[in-house]
Amino acid sequence: MWKIADTEIKSRVVLGPMAGVTSQAYRLFMKPFGVGLSFTEMISDCGLVYENRNTFAYLPNEKSDRPVGLQLFGSKIENAQKAIEIIQKANITYDFLDLNFGCPVHKVTKTFAGSSWLKRPRELAEYVTSIVAISDKPVTAKIRLGWDREHINVLEVVGLLEKAGVSAITIHARTTEQMYSGKANWSLIENLREKMSIPLIISGDIFTLTDAVEAMRITKADAVMVARGAIGNPRLVSQIDGYFEKGIIMPDATLREQIHYLRSFANLLIEEKGEKTSMMILRGLAPHFFNRFPGMKAIKNKIAMTVYSKVDLEAILESIAI
Ligand SMILES: Cc1cc2nc3c(=O)[nH]c(=O)nc-3n(C[C@H](O)[C@H](O)[C@H](O)COP(=O)(O)O)c2cc1C
């Protein structure tokens, strides 16, 4: 058990925010596998200020999994302040306000949001201090190692964030320049948690239980964040949680179990987003449920190309010989 501010987190596994993936349905689906804390996908402060309907759909509601961090991104304190006011007045159910300083996508960094903040650590510190002062909820932050190899400033930024009053920090152990490729470099933050006064969550390349154990051992983090590794492989969360809570090593899920998991996820998604949008999302995510199994290429392609209704999906799942 560990804590962020006064909230107890009951697992060492944190579900990473992923734009286009970590909907409320995805989070609710993943929770019972042993997720201790999850995050919404990044939500634009301007989207809230300018009342964009799509942006509001990302906010958690009373049916959301808990504890949940609401992740905001933006580049100006005035917009962040207005967005936080809107969230606080709207009585949204959430536990932490998470600030995104890690997004490497050009569309975001060119507006000075996401990981472009890492290039301006002093301004970042002022921004965070102002947000901590107005937020009703504990503030957390997600960063990267730095902008590029020549500008690794993670230690400086962690120090500034602590001073600014954040309650936990997640580090994606890559630079912005690396985007999502190349190896995550956990050893650059070796033993970092021992020098910190607040919890550390380590992110980057957590695809197996061994990755999780290694990342925790090297950094001494309180928890690991799983992101891409759990898409279509929710058992990864149970394996990591089972190991850290009870010292057990769970086997990988069978094909039958994977089909069952996919059905549950599809149902939750349809409940949240309706059939049409859900099928669009599932054409992207559902094939991942069959990644580990040989001979499934045709099934994966069929899902990716031909699923437009729940009936289409069901027909394919029924056709899988187990
Ligand atoms: C499709 C996708 C969308 C992402 N969206 C977000 C996001 O909205 N906010 C955020 O902080 N990180 C986001 N991330 C980063 C992940 O949370 C995580 O830190 C990163 O993928 C590294 O972990 P991994 O190598 O285990 O996947 C995203 C990653 C992916 C692949």
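## Ground rules

Contact here means heavy atoms within 4.5 Å. This is a predicted model, where local features need pLDDT of at least 70, side-chain atom pairs count only at pLDDT 80 or more, and totals for chains, interfaces and linings use all residues. Residues are numbered from 1 along each chain as its sequence is written, and side-chain values use heavy atoms, with hydrogens and water left out.

## Glu41

Let's start with Glu41, which sits in the loop between β4 (37–39) and β5 (43–44); strands are DSSP runs of E, at least two residues, numbered from the N terminus. Leaving out residues up to four places away in sequence, Glu41 touches Pro17, Met18, Ala19, Gly20, Val21, Thr22, Tyr58 and Gln71. With Gly20, the side chain of Glu41 reaches the backbone nitrogen at 3.1 Å.

Glu41 is buried but has no salt bridge. Buried means under 20% relative accessible area with a 1.4 Å probe, protein chains only, and a salt bridge is a side-chain nitrogen of Lys or Arg within 4 Å of a carboxyl oxygen of Asp or Glu. The nearest side chain of opposite charge is Lys273, 5.9 Å away.

## Thr176

Next up is Thr176, in the loop between β9 (168–175) and β10 (200–203). Why does Thr176 count as buried? Because its relative accessibility is 3%. Its contacts, not counting residues up to four places away in sequence, include Arg144, Gly146 and Trp147.

## Arg122

Arg122 belongs to helix α6 (residues 121–134); helices are DSSP runs of H or I, at least four residues. Arg122 is exposed because its relative accessible area is 57%, exposed being over 50%.

Not counting residues up to four places away in sequence, Arg122 touches Glu156 and Leu160. Arg122 and Leu160 are 38 residues apart along the chain, yet their C-alpha atoms are separated by 7.9 Å.

Note on methods
Lys and Arg count as positive and Asp and Glu as negative; His and the chain ends are not counted. A polar contact is a pair of N or O atoms within 3.5 Å; within protein, one must be able to donate a hydrogen and the other to accept it, and residues adjacent in sequence count only if both atoms are side-chain atoms.
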